[in-house]
Amino acid sequence: MLAPLRFCLALMALIGVLAFAVPASAQQPTSVNPTASSVKEQQLLKELNKVQGRGTIPDSRSYVLQQPAGRDWRSFHEVTLPWIGTIAILGMLAVLVVFFLVRGRVRLEAGRSGHTLVRFNAFERFIHWMTAVCFILLALTGLNVTFGRALLMPYMGPEGFATWSQYAKYVHNYASFPFTIGVVLMFLTWIAGNFPAGGDLTWIKQGGGIIGRNHPPAKRFNPGQKLIYWFVVLGGGAVAITGYLLMFPFYATDIAGMQTAQIVHGVVGVLFVAIMLAHIYIGTLGMEGAFEAMGRGEVDVNWAQQHHSLWLARERERGRVDQQGGRVAAE
Amino acid sequence: MRAFITACVVALLLAIAGAALLNQVVQQPAESAFSTPAVRI
């Protein structure tokens, strides 16, 4: 008589235990998602445009933890800019190699006359070399920011790369001062000869004597040199201004302004490097007698006749070159 | 060559002058720029 009763009690107890042991989720409608109404990070960014908290250190700008534009900037800095730099610099190098193989060196067709005339005086060469030396330092240390981690860190190791990058940044900051002064001096010294002139279009149509074999007349600066000049002045001005905005954070602009400044600084910087590669090529390997202009300051009269015939004629009018082509006026 | 050497020397001097100006007049070390007197990093 007791056994069936015990069995019934045990069965009821078991049902009761099972009823309470069922997972809570099974007791609710399956359509409810408990996290559906919680605020996601993306929603926060979308609504507030930034994730900002409170802090205790004096710099209240550090309270901003995230902003969507920062992610866009990071993507540009880590992906887009390296691609732009790689295409611009390697592309320019490839073009120069192909050009050299196809065209070869631009030779002095009449040979050397043995007579020279002053092309750039000592002050002009001084500002050119000061700007050039600083530019090379700025280019190498700047490219380190964009490409150093991928290209150098595997060989230098993290600690070595960090130390090198720290000193490279110092050099980048401090070399900017003489570079900026050099750009300003270049602007003031050479602006008179770098405005567009009447014969420029003809020079361009004839390929400047570099593409093709004609040597169109040119004044002291041909259109190619004018292009370099204006890129150095405007591009140099752009990297200087944006560089100082970054060197002095929050002095003149906010985070968004500095992100824009860095984008301009990076893009103009890598284009600057690419264009200067072409400038260095044509001033050294690409054209016979060209380096002497900025090296010794004097060029052969036949070189001047071949590449800057209008300038040579003007120098003759001024009495700076005698009838035999020899130099009259020393610098 | 003389112009080149002069350019290098003047560039170096200007860079040193810029560094001195930055370090002594404009910039502050991080431990003083980003801390209060009560909380020093």
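The structure is a predicted model. In it, chain A is built from eleven helices and four strands, and 35% of its 331 residues count as buried. Where contacts in chain A with a separation of 6 or more are considered, 73% of them are accounted for by residues 24 or more positions apart.

**Interface between chains A and B**

- The interface brings 20 residues of chain A into contact with 18 residues of chain B.
- Between them, chain A and chain B bury about 1,500 Å², and carbon and sulfur atoms carry 79% of that area.
- On the side of chain A, Pro58(A), Phe126(A) and Tyr174(A) supply 31% of the area buried against chain B, which is more than any other three residues contribute.

**The second largest pocket**

- The second largest pocket holds about 1,200 Å³ of space, and among the 39 residues that line this pocket, those closest to its centre are Lys169(A), His172(A), Leu246(A), Gln262(A) and His265(A).
- At least two lining residues come from each of five helices of chain A, namely helix 3 (68-103), helix 4 (122-151), helix 5 (153-190), helix 7 (223-247) and helix 8 (255-283).
- Helix 8 of chain A provides the largest share of the lining of the second largest pocket, with ten residues.
- Sorted by class, the lining of this pocket consists of 21 nonpolar residues, 17 polar residues and one charged residue.

- A polar atom of the Thr141(A) side chain lies 2.7 Å from the backbone oxygen of Leu137(A), and the backbone oxygen of Leu138(A) lies 3.3 Å from a polar atom of the side chain of Thr141(A).
- Leaving aside residues up to four places away in sequence, Thr141(A) touches Ala168(A), Val171(A) and His172(A); of these contacts, His172(A) is also one of the residues closest to the centre of the second largest pocket.

How values were computed
Residues numbered from 1 in each chain as written. Chains lettered and ligands numbered in written order. Predicted model: local features only at pLDDT ≥ 70, side-chain atom pairs only at ≥ 80, totals over all residues. Heavy atoms only, no water. 1 Å grid on protein atoms, 1.4 Å probe; cavity = no way out; pocket = protein on both sides within 12 Å on 5 of 7 lines; lining within 4 Å. Points joined across faces, edges and corners; volume = space filled by probe spheres on them. Nonpolar A, V, L, I, M, F, W, Y, C, P; charged D, E, K, R; others polar. Polar contact = N/O pair within 3.5 Å; in protein donor to acceptor, adjacent residues only side chain to side chain. Contact = heavy atoms within 4.5 Å. Buried area = accessible area lost by both parts, 1.4 Å probe. Buried < 20%, exposed > 50% of the residue type's maximum accessible area, 1.4 Å probe, protein only.
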